[in-house]
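Okay, thanks for making time, everyone.

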Amino acid sequence: MVEYYNADDEAQVVKAWLKKYTSSIILGLILGIALFYGIQYWMAKRVVTAEKAATAYFMLLNSTGLPNNPQTILLATDIVKNYPKTPYASMAQLFLAQISVNAQQYDKAETQLQWVIGQSKVDAFKQLARLRLARIFLFQNDIDAAQNTLKVVDDKAYLPLIETVRGDIFMAQKQFDKARSAYQTALKGAESFEGLNSRLQMKLSDPRLVSNNSN
Amino acid sequence: MLQNIRDKTQGLIATLIVGLVAFTFAIWGIHYYLQESKSSTVVVQVNGTKLTQDNFERLLKRSERLFSLSNPNVPISDAARKKLQKTVADQWLEMTLLSEAANHERFAVSAPMLRETLANLAVFQEKGVFSPTLYQRTLDALGYTPQEFQQNLQNQLLIDQVRYGMIQSAFVLPNELTDAVATLYQTRDMGYVLIPAQSFANSMTLDPKAIEQYYASHPSDFMDPEKVKIAYIQIKPENLKKQVSVSDAEVKAYYDAQSETKPFAAVKNSIATRLQNQAVDKLMGSLSDQLDSLAYEDPTSLQAVSQKLKLPIQVSDWFNAQTKQAIFEPAVIQAAFSNDVLQQGYNSALITLSDGSVMVLRIQAHQATQVKPLAIVQAQIQSLLKAQALEKAASAKAELILKGLQQGQDPKVLAQKNGLLWQETQGVTRTSAGIDPDIIKLLFKTPLNSDGKQSVVSTSLKNGDAVVLRVRGVHVGDIARLSVQQKMQLQQEWGQGLGEADYDLYERGLKDAAKIKMNLSKDVSQDE
């Protein structure tokens, strides 16, 4: 096609085209550059934030060496406040929940764990929080809440622990057959984990879990 | 602020150190710096990250070096090497998976944090201060570049942020502590009878044919490993001393050239020794070169070498790849069982031994893996079969007693009829001393029957004896009996265990979700 145009015609076309679109091109360029640097800035800032949060978390971890260290609450609260979008906020909430439980402030612990379930972007952390929350509900004898908390499964890898807590709930309800069956399901999934395995074996040695079939 | 961290991290970092310098750390991380590898063979792949053959071998070498450092004078056997390969591959996989996951979850490590951590590692400290020399020396010894090592450290810190977070934040609720005590401190009452296997020894006869049959059907149990005798020529520095003499004139010339300040008579002997050592070194060097090249020129015999160098050919005793003897240093054994020497029948390359001597060797005699003759293993098989028969007799008797008890016979009378003794024990704990652990395990594993009858079970013990036991009662542990301190300790341990289970499952979840490829079996079989 091009061969039908002479050079002048071509220049005319280009000029006209440029005139029509100059402003758009400039705007596009500006937007493009802005977007590029914007992303760069955003990513750099995210790295800086993550590193600052990591440093704060490092201090938190080291404060937990001493039991009931008041420093821990301060450090953890700061992390939740200053870096809510980092995984460190979830970790800090887990530590705060532990402190609340040890201080018998179970409502507080519930709120902190709910925060993790709602805000964390990591399925394993959410599941961890669910398991811990369900155990608190169970301790408070709120069977329904405990069961409901476990209904949503965020991370299937945790099924052996979910079944273990479900077994504990059944024990509290004196539904021993269901408890035994939940523990046994958990045991199947926990074969390669020595610690969990022996705990489940012990739970199954509870005299209330009597055998139905005699030897 | 970092100073602050430094003070507070001591405890945490101290616990890291073991992992850092020990095995795990030694093999980790090379791939980050050697991704330009030419080898395209992938040994392990996890998600997008690959461990190529080249890098795998480098990791392997490093762990072999560590192995030799911690087990000097022990040659690495084929089996050990294969095991090491598996370990290296597994650990690389685990570390890659965990650190990449932590990275993906947006955990981070800042540069100053890394620097401070490194500076505080006790292994690099002299008198409590970071020593760059010691740092460099340790890295060199393990074959690390500083970047590589720091990458390792960074990954370790990434992983531990998740690990510590999960484990250290675990808690135990009061009802859980009560339950834990109830099961942990549970006690049981039982009656039992022990049936010693040896009590059947007198009535036992063994068919000689059974021994032959067992021998014929289990050849792999009676293997004699591959063995060789080597012929070798060795040059020891101390033997060369006789051949080297230093004249007084030479000593004097040396003395004059050095323009010593001490009188000649005072330093004469030490100069003579020094000159002699130098001469021995020189002679040793030239003889080693000759030995090496002569053995290479005619690789099918040591005769020519022996004649030209006027050195005797010595012959060793039989040895296998696992032999531990002074002359069979790892290097000698490795050379003797190498492909060139063992399969091709060539002379070995020059081997330098730890005493400074050198040697070349070839195979004098070779005996492949073979089944040991029956005469040698007969006694072994006989005692094995006898033990099996005794165990069988004991457990048959146990079955008999078990049936009798289930039919409602009186245990004491029943035991007495069989020449045995029925014993009653109360309050057995999970850790009771004086009772076979296998019996305790069975006791606590056995459920009670729902109809209120006492369960009766039997089992064989490790020593071949059999036992029949009846669970007579179960008593749960009472938390009120624990001291405050005991309670606190249990709470701590129980919580730790819960946290570890949380982390174990996190790790398994990552493994299940990852795309993992392992080409290890091929590599292990290809490995020469």
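Let's start with charges: Arg58(B), Arg62(B) and Glu148(B) are linked in a network of salt bridges, a salt bridge being a side-chain nitrogen of Lys or Arg within 4 Å of a carboxyl oxygen of Asp or Glu. Before I go on, the housekeeping: this is a predicted model, where local features need pLDDT of at least 70, side-chain atom pairs count only at pLDDT 80 or more, and totals for chains, interfaces and linings use all residues. Residues are numbered from 1 along each chain as its sequence is written, chains are lettered from A and ligands numbered from 1 in the order in which they are written, and side-chain values use heavy atoms, with hydrogens and water left out.

Over all chains, the structure holds 18 salt bridges. One of them joins Asp248(B) to Lys268(B), with the closest N and O atoms 3.9 Å apart. Asp248(B) sits in helix α11 and Lys268(B) in helix α12 of chain B, so this pair ties together parts that are 20 residues apart in sequence. Helices here are DSSP runs of H or I, at least four residues, and strands are runs of E, at least two, numbered from the N terminus. Asp248(B) is exposed at 53% relative accessible area, while Lys268(B) is partly exposed at 29%. For those words, buried means under 20% relative accessible area, exposed over 50%, and partly exposed in between, using a 1.4 Å probe and protein chains only.

Then there's Asp438(B) with Lys462(B), at 3.3 Å, N to O. That pair links distant parts of the chain, with Asp438(B) in helix α18 and Lys462(B) in the loop between β14 and β15 of chain B, 24 residues apart.

How far apart are Lys511(B) and Glu507(B) in helix α19 of chain B? They are separated by about one helical turn, because they're four residues apart. Their side chains meet in a salt bridge at 3.9 Å, N to O. Lys511(B) is partly exposed at 33%, whereas Glu507(B) counts as buried at 13%.

Now helix α6 of chain B, residues 132-142. Leu134(B), Tyr135(B), Leu139(B) and Leu142(B) are buried there. Down the axis of α6(B), they fall within an arc of 130 degrees, so they line one face; the arc is that of the directions from the helix axis to the C-beta atoms. On the other side of α6(B), Thr133(B) and Arg137(B) are exposed. The buried residues of α6(B) pack against several elements of chain B, including α3, α5 and α7, where contact means heavy atoms within 4.5 Å. Just after α6(B), Gly143(B) takes a positive phi of about 70 degrees.

On to the nonpolar side. The largest nonpolar core has 107 residues, and among those touching the most other members are Phe125(A), Tyr158(A) and Met166(B). A core is a set of buried Ala, Val, Leu, Ile, Met, Phe, Trp, Tyr and Cys residues joined through side-chain atoms within 4.5 Å. Its largest share, ten residues, comes from helix α5 of chain A. Leaving out residues up to four places away in sequence, Met166(B) touches, among others, Met91(A), Leu128(A), Arg132(A) and Tyr503(B).

And chain A itself? It has nine helices and zero strands, and 45% of its 215 residues count as buried.
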